[in-house]
Amino acid sequence: MSKKKGLSAEEKRTRMMEIFFETKDVFQLKDLEKIAPKEKGITSMSVKEVLQSLVDDSMVDYERIVTSNYYWVFPSKALHARKRKLEALESQLSEGSQKHASLQESIEKCKMQKIKKIK
């Protein structure tokens, strides 16, 4: 008599992205509300919320044309986003390494000055 466990927000987002990557198609909200429950187990009530969070994070592109809203994802967009993130993290790492090296030098200088004062 255990209750069925629901999906976490991150699982829903991942599954929603899978729909876009697998089909490589443009969707309207009503289409996604039909597809997501059947194929990915995302409740139709939460599709709009999940989709909006993906749009807010720039993971899904969105365009309003006349009275309809269209959603799509280019697979290369995710790759480029990951590359930009990797470059930013590598930049932060190199800056951190340089700062660490300069702090180590400062520590060594202070130790040498302290030793000179003691003698």
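Reader: Quick one to start: is Ser46 buried or exposed?

Author: Ser46 is buried, with a relative accessible area of 8%. Buried here means under 20% relative accessible area, exposed means over 50%, and partly exposed is in between (1.4 Å probe, protein chains only). Before we go on, this is a predicted model, where local features need pLDDT of at least 70, side-chain atom pairs count only at pLDDT 80 or more, and totals for chains, interfaces and linings use all residues. Residues are numbered from 1 along each chain as its sequence is written, and side-chain values use heavy atoms, with hydrogens and water left out.

Reader: Got it. Which helix is Ser46 in?

Author: Ser46 sits in helix α3. Helices (H or I, at least four residues) and strands (E, at least two) are DSSP runs, numbered from the N terminus. The C-alpha atoms of Ser46 and Leu7 are separated by 11 Å, and the two residues are 39 residues apart along the chain.

Reader: Switching to the big picture, what does the domain assignment give for the chain?

Author: Domain 1 (9–73) and domain 2 (75–118). Those bounds come from an automatic or database domain assignment. The C-alpha centres of the two domains lie 39 Å apart.

Reader: And which residues does the UniProt domain annotation cover?

Author: Residues 16–75, under the label "domain: Mnd1 HTH", from an unreviewed UniProt entry. UniProt positions are in the numbering used here, feature names are shortened, and annotations may be inferred rather than shown by experiment. In the model, residues 16–75 are 57% helix and 20% strand, with the end C-alpha atoms 13 Å apart.

Reader: OK, the strands. What's their order in the sheet?

Author: β1-β3-β2, three strands in an open sheet with antiparallel pairing. Two strands pair if DSSP finds at least two bridges between them.

Reader: Why does one side of β1 and of β2 lack a neighbour?

Author: β1 (27–28) and β2 (61–65) stand at the edges and each has a single partner strand, so one side of each is left without a neighbour in the sheet.

Reader: How many bridges join β1 to β3?

Author: Two, and β1 runs antiparallel to β3 (residues 68–72). Phe27 stands opposite Tyr71 of β3.

Reader: What else is Tyr71 in contact with?

Author: Skipping neighbours within four places in sequence, the contacts of Tyr71 include Phe20, Leu29, Leu51, Val55, Val60 and Tyr62. Contact means heavy atoms within 4.5 Å.

Reader: So, the largest nonpolar core: how many residues has it got?

Author: It has 17 residues, and Met16, Phe20, Leu32, Val47, Leu51, Val60 and Tyr71 have the most contacts inside it. The elements giving two or more residues to this core are α1 (9–23), α2 (29–40) and α3 (44–56). The largest share, five residues, comes from α3. As for the term, a nonpolar core is a set of buried Ala, Val, Leu, Ile, Met, Phe, Trp, Tyr and Cys residues joined through side-chain atoms within 4.5 Å.

Reader: Tell me about Phe20. What does Phe20 touch?

Author: Not counting residues up to four places away in sequence, Phe20 touches Asp25, Phe27, Leu32, Leu51, Val60, Tyr71, Trp72 and Val73. Phe20 is in helix α1 and counts as buried at 1% relative accessibility.

Reader: Changing topic: how many salt bridges are there?

Author: The count comes to four, where a salt bridge is a side-chain nitrogen of Lys or Arg within 4 Å of a carboxyl oxygen of Asp or Glu.

Reader: Which residue does Arg13 meet at 3.8 Å?

Author: Glu10, through their side chains, N to O. Arg13 and Glu10 are three residues apart in helix α1, so about one helical turn separates them. Arg13 is buried at 13% relative accessible area, whereas Glu10 is exposed at 51%.

Reader: And at 2.8 Å, what does Arg13 pair with?

Author: Asp57, in a salt bridge with that distance between the closest N and O atoms. Arg13 lies in helix α1 and Asp57 in the loop between α3 and β2, so the pair ties together parts that are 44 residues apart in sequence. Asp57 is partly exposed, with a relative accessible area of 46%.

Reader: What about Glu18, which residue does its side chain meet?

Author: Lys40, in a salt bridge at 3.1 Å, N to O. This pair links distant parts of the chain, with Glu18 in helix α1 and Lys40 in helix α2, 22 residues apart. Glu18 is partly exposed at 32% relative accessible area, while Lys40 counts as buried at 13%.
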